[in-house]
Amino acid sequence: MTQKKTLKLPKFIGHRGVKDLCPENTLESIARAFEIGLNFVEIDVKISKDKVPILLHDDTLDRTTNGSGPAIDYDYEDIKKLDAGKFYYKKNTNIFIPKLEDVLSVCINNNGNLNIELKPNKNFEKENTYQIYKLTKNINQIDIFFSSFDIISISEISELYPQSIRSFLLDDFKEYNIDDLINISINHDLKICGLNLDLVTADIIKKIKKSNISITVYSDKNINSSSANDIFSIGVDSIFVDNPLDLLGKF
Ligand code: G3P
Ligand code: MG
C-alpha cells in the first residue's frame, strides 16, 4: 500500500482522457491527453460481469459503443469486441473499451497520473471498489486519486485503502448540502472534493477551503479560459477539461 497522503493537484485534469478530442475513456483518449501536455487524466471505472474493471461512463453500453444493455451483464471478452470509437468518428473503428489494467500501464509508461472515478452499477459498489483497489494498491510509480458521487464507494475505498487520496463529488445540493459535503470529507479523511461548475460560488469555495479541502471543478461542457480564470481566482485548485488546447500554457 504505497500511495502517499499528499498530492499536488495540477491546474487541469483531462476529463475521460480528453473527451472532446478522442472517444472518451479509451486508450487513445488517455495517450492523447499526455501527448498534448496534461499530466493527469480522469477515467470512469466499473466492473464487467466477470469482475474486470473497465472504462465506461454510463451504466449501459448504448451511447458509446455498438453494444447495448448494462455493462455488468457482459463478460469483458464480449465487451472488448465492441466498437467504442464509432460514436465519435461516425465510422467503424478498432477502438475498444479498455481494462483499467491496460490504462495503468499507459499511465506508468507516460509518467502520467490518474484520477479513478468509482462509477459502479447499482448494487455492485463494494465489489467494484474492491476490484479497483486490488489493481491499484501496489502502484507507486504514479499518483492516483479516487473519486465518486457514490457514498458507498467512497466509504469502501476509505476503509480498504486509507493511505489513498480520495474525493467526494457533488453534482447538486439535492441529497447533500455544503455542510454535508464538508462533514463527509472530514469523516472519511478526504483531502479533495469535486463540484459541478453550477455549484461554484466564492462563498462556497471559501467555506470548503476553511476546512483545508482542495477543490476540483467539472462541467458538462468544456470549461473555457475566461471561466477557468474566474474559478481559479476564487480558490478552485483544479479543473477537469474535455479539450485543454486553449488552456495549456495560460495558467
Ligand atoms: O470527476 C469529474 C467528472 O468526471 C464527474 O462527472 O459524469 O463526467 O463522470 P462525469
Ligand atoms: Mg467521471
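The model is predicted. A magnesium ion (ligand 2) is held by Glu42, Asp44 and Glu117. The protein also has one cavity of 30 Å³ or more. Its largest pocket has a volume of about 290 Å³.

**Magnesium site**
- Aspartate 44 sits in strand β2 (residues 40-47) and glutamate 117 in strand β4 (residues 113-118), so the pair ties together parts that are 73 residues apart in sequence.
- Both aspartate 44 and glutamate 117 are buried.

**Cavity**
- The largest cavity has a volume of about 60 Å³.
- Its lining includes Glu24, Asn25, Thr26, His57 and Ile97.
- By class, the lining of this cavity has four nonpolar, five polar and one charged residue.

**Largest pocket**
- The largest pocket has a volume of about 290 Å³.
- It is lined by 13 residues, and the closest to its centre are Lys119, Pro120, Glu125, Phe149 and Asp150.
- The lining of the largest pocket divides into four nonpolar, three polar and six charged residues.

**Second largest pocket**
- The second largest pocket has a volume of about 220 Å³.
- Of its 17 lining residues, His15, Arg16, His57, Phe149 and Tyr218 lie nearest the centre.
- The elements that give two or more residues to this lining are β2 and β4.
- Four nonpolar, five polar and eight charged residues make up the lining of the second largest pocket.

Notes
Residues numbered from 1 in each chain as written. Chains lettered and ligands numbered in written order. Predicted model: local features only at pLDDT ≥ 70, side-chain atom pairs only at ≥ 80, totals over all residues. Heavy atoms only, no water. Donors = N, O, S within 2.8 Å, 3.2 Å for Na, K, Ca; no water. Helix = DSSP H or I, 4+ residues; strand = E, 2+ residues; numbered from the N terminus. Buried < 20%, exposed > 50% of the residue type's maximum accessible area, 1.4 Å probe, protein only. 1 Å grid on protein atoms, 1.4 Å probe; cavity = no way out; pocket = protein on both sides within 12 Å on 5 of 7 lines; lining within 4 Å. Points joined across faces, edges and corners; volume = space filled by probe spheres on them. Nonpolar A, V, L, I, M, F, W, Y, C, P; charged D, E, K, R; others polar.
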